[in-house]
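Work through the exercises below with the sequence and the model open. Each task is followed by a solution in steps.

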Amino acid sequence: MTEAVEFDVVVLGAGPVGENVVDRTRAAGLSTAVVESELIGGECSYWACIPSKSLLRSALARADARRVPGLRHAVQGPLDAEAVLAHRDEYVSHWKDDGQVGWLDSIGARLYRGQGRLNGPKKVLVDGPEGEHHVLTARHAVVVSTGSRAVLPDIPGLAGAKAWTSREATSAHRVPGRLAIVGGGVVGVEMATAWQALGSHVILLVRGGGVLPRMEPFVGEHVVEALTEAGATIRTHTSVTSVERRGGTGPVTLVLGNGERIEADEVLFATGRSPRTDGIGLETVGLAPGSWLPVDDSCRVDGSDWLYAVGDVNHRALLTHQGKYQARITGAVIAARAQHVPILETDRWGAHAATADHAAVPQVVFTDPEATAVGLSLAEAEAAGHRVRAVDYDLASVSGAGLYGDGYRGHARMVVDLDREILLGVTFVGPGVGELLHSATVAVAGEVPIERLWHAVPAFPTISEVWLRLLETYRG
């Protein structure tokens with residue numbers, strides 16, 4: 001059966017980003033279809049943000065409790081791994097998307113399950129279940145929000161070794177005795193934190209000199225120190241040249257660049273991501289299949305007046321919350337253009353520009369200690385030609401940090417634009433600092449002058465008092 005239908009907007013991909021596009025276009029009164037080949041809710045809901053943070057929550061809560069006098073002796077035992085994994089399963093709805101489907105129905109969006117692909121300008125073909133075929137035409141816009149997938153390196157033996165990617169690491173139902181993790185980025189350190197706490201012996205293999213290389217150097221130093229104290233083994237300047245696992249079962253052996261052999265029960269490769277843009281018909285509109293899709297600040301694909309790319313596929317900021325931000329912008333842009341409302345292209349922080357992608361991207365890494373940053377690092381600010389000063393403060397010297405837990409260790413940095421006296425970036429590392437990040441994001445995105453920040457009084461005794469200490473340090 002073949003069905004031909006016309007909509008104002010067609011969205012390829014129903015992860016959190018695609019869902020937000022649909023929400024905004026429907027709120028603007030535009031008829032919208034969304035096409036999804038997997039679960040509604042996407043990577044974040046079932047194999048990334050939600051399951052990983054549900055695994056990490058128990059680990060971080062126990063670590064915090066062990067810092068509190070009168071409580072630490074009550075939490076010295078191991079985590080109940082079975083309970084933690086069951087909690088994870090509940091949070092991902094046991095990998096069923098009924099609730100998400102119900103929400104799409106409630107806002108009047110039309111869901112097409114199956115593989116969607118472009119077939120020329122404003123045309124989308126959908127190969128659905130049981131031989132169904134649909135031809136969708138978009139009056140105004142097609143939005144690609146198909147996300148990204150984990151990349152496995154091309155090394156001998158890996159193809160048949162049944163190695164974990166981030167999907168297997170967040171959805172596994174048993175705790176491996178020995179877990180080797182290749183890669184020192186966010187996925188690598190978060191999964192090292194989670195599985196070490198659940199009972200695995202973790203060995204983390206990193207090609208470079210440290211972990212979390214895109215953040216300020218002191219962040220990775222704190223994380224490595226804490227992982228090592230927790231029992232993990234960290235090997236830097238280490239490459240994996242081949243993998244051996246006969247029949248894809250039993251122990252797996254990693255052969256390192258120096259010839260050393262390491263055996264583990266499972267191996268996770270956390271070595272990057274690629275866009276899920278192969279097989280979606282990009283070649284029919286003059287674009288390269290499998291490529292990232294460059295866009296302007298309204299998230300419209302360069303050279304097109306109808307095709308948008310939102311979330312990971314545009315490679316601006318591979319973070320769920322940032323993709324959802326882009327989706328809100330894009331929904332407003334599509335609605336404005338459909339209704340012939342002028343686009344606020346000259347307003348840098350207006351309703352139609354995803355400016356935060358350049359200036360104020362926030363991120364939390366849920367390790368112990370937590371690592372958070374927004375905006376530019378010192379090195380990035382200097383490379384961009386800004387005249388800046390880094391202002392640092394030891395978080396352990398803040399009264400609220402000492403009350404949070406004995407032996408608190410952490411660090412704070414703000415990067416000040418000396419010409420405009422505003423903040424270009426802020427970084428925190430330490431237990432519980434994830435909840436500090438939004439105040440920093442407001443300061444950076446709002447370009448709040450230092451002189452006005454002086455009047456934002458932090459409550460005593462909280463870890464947020466670090467803001468006062470940073471400003472005092474800056475003023476001398």
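## Exercise 1: Salt bridges

A network of salt bridges links Glu-38, Glu-43, Arg-167, Arg-273 and Arg-276. A salt bridge here is a side-chain nitrogen of Lys or Arg within 4 Å of a carboxyl oxygen of Asp or Glu. The model is predicted: local features need pLDDT of at least 70, side-chain atom pairs count only at pLDDT 80 or more, and totals for chains, interfaces and linings use all residues. Residues are numbered from 1 along each chain as its sequence is written, and side-chain values use heavy atoms, with hydrogens and water left out.

Task: state how many salt bridges a search of the whole structure finds, then locate the partners of the pairs Glu-266 and Arg-245, Arg-348 and Glu-447, and Asp-417 and Arg-420.

Solution. 

Step 1. The search of the whole structure gives 33 salt bridges. Side chains of opposite charge can pair when their charged atoms come close.

Step 2. Glu-266 and Arg-245 form a salt bridge with an N to O distance of 3.4 Å. Glu-266 is in strand β14 (residues 266–269) and Arg-245 is in the loop between β11 (240–244) and β12 (252–256), so the pair ties together parts that are 21 residues apart in sequence. Helices (H or I, at least four residues) and strands (E, at least two) are DSSP runs, numbered from the N terminus. Glu-266 is buried at 10% relative accessible area, and Arg-245 is buried at 11%. Buried means under 20% relative accessible area, exposed over 50%, and partly exposed in between (1.4 Å probe, protein chains only).

Step 3. In the pair Arg-348 and Glu-447, the closest N and O atoms are 2.9 Å apart. Arg-348 sits in the loop between α9 and α10 (356–359), and Glu-447 in the loop between α13 (437–445) and α14 (450–453), so this bridge ties together parts that are 99 residues apart in sequence. Arg-348 is partly exposed at 43%; Glu-447 is partly exposed at 23%.

Step 4. Asp-417 and Arg-420 bring their closest N and O atoms to 3.4 Å. Asp-417 is buried at 4% relative accessibility, whereas Arg-420 is partly exposed at 45%.

## Exercise 2: Nonpolar cores

Task: which residues of the largest nonpolar core touch the most other members, and which helix gives this core its largest share?

Solution. 

Step 1. A nonpolar core is a set of buried Ala, Val, Leu, Ile, Met, Phe, Trp, Tyr and Cys residues joined through side-chain atoms within 4.5 Å. The largest one has 57 residues, and those touching the most other members are Val-143, Leu-395, Met-414, Leu-423, Val-426, Phe-428 and Val-466.

Step 2. Helix α9 (residues 320–338) supplies the largest share of this core, eight residues.

Step 3. A separate, second core has 36 residues, among them Ala-194, Val-206, Met-215 and Ala-373.

Step 4. Beyond its neighbours within four places in sequence, Met-414 has contacts (heavy atoms within 4.5 Å) that include Arg-389, Leu-423, Val-426, Ile-450 and Tyr-474.

## Exercise 3: Strand pairing around β1

Task: with which strands does β1 pair, and in which direction do they run?

Solution. 

Step 1. Two strands pair if DSSP finds at least two bridges between them. Strand β1 (residues 2–12) and strand β6 (residues 133–144) run parallel and are joined by 10 bridges.

Step 2. β1, helix α1 (residues 16–27) and β2 form a right-handed β-α-β unit. Right-handed means that, with the strands pointing away from the viewer, the path from the first strand over the helix to the second runs clockwise.

## Exercise 4: Backbone and cysteines

Task: find the cis peptide bonds at Pro-369 and Pro-461, then describe Leu-212 and Cys-299.

Solution. 

Step 1. Most residues other than glycine have a negative phi, and most peptide bonds are trans. The bond joining Asp-368 and Pro-369 is cis, with omega about 10°; Pro-369 lies in the loop between β17 (362–365) and β18 (370–375).

Step 2. The bond from Phe-460 to Pro-461 is cis, with omega near -5°. Pro-461 lies in the loop between α14 and α15 (466–475).

Step 3. Leu-212 has a positive phi of about 50° and is buried at 4%.

Step 4. Cys-299 has a positive phi of about 70° and is buried at 0%. The structure holds zero disulfides (pairs of cysteine sulfur atoms within 2.5 Å). For Cys-299, the nearest cysteine sulfur is that of Cys-44, 18 Å away.
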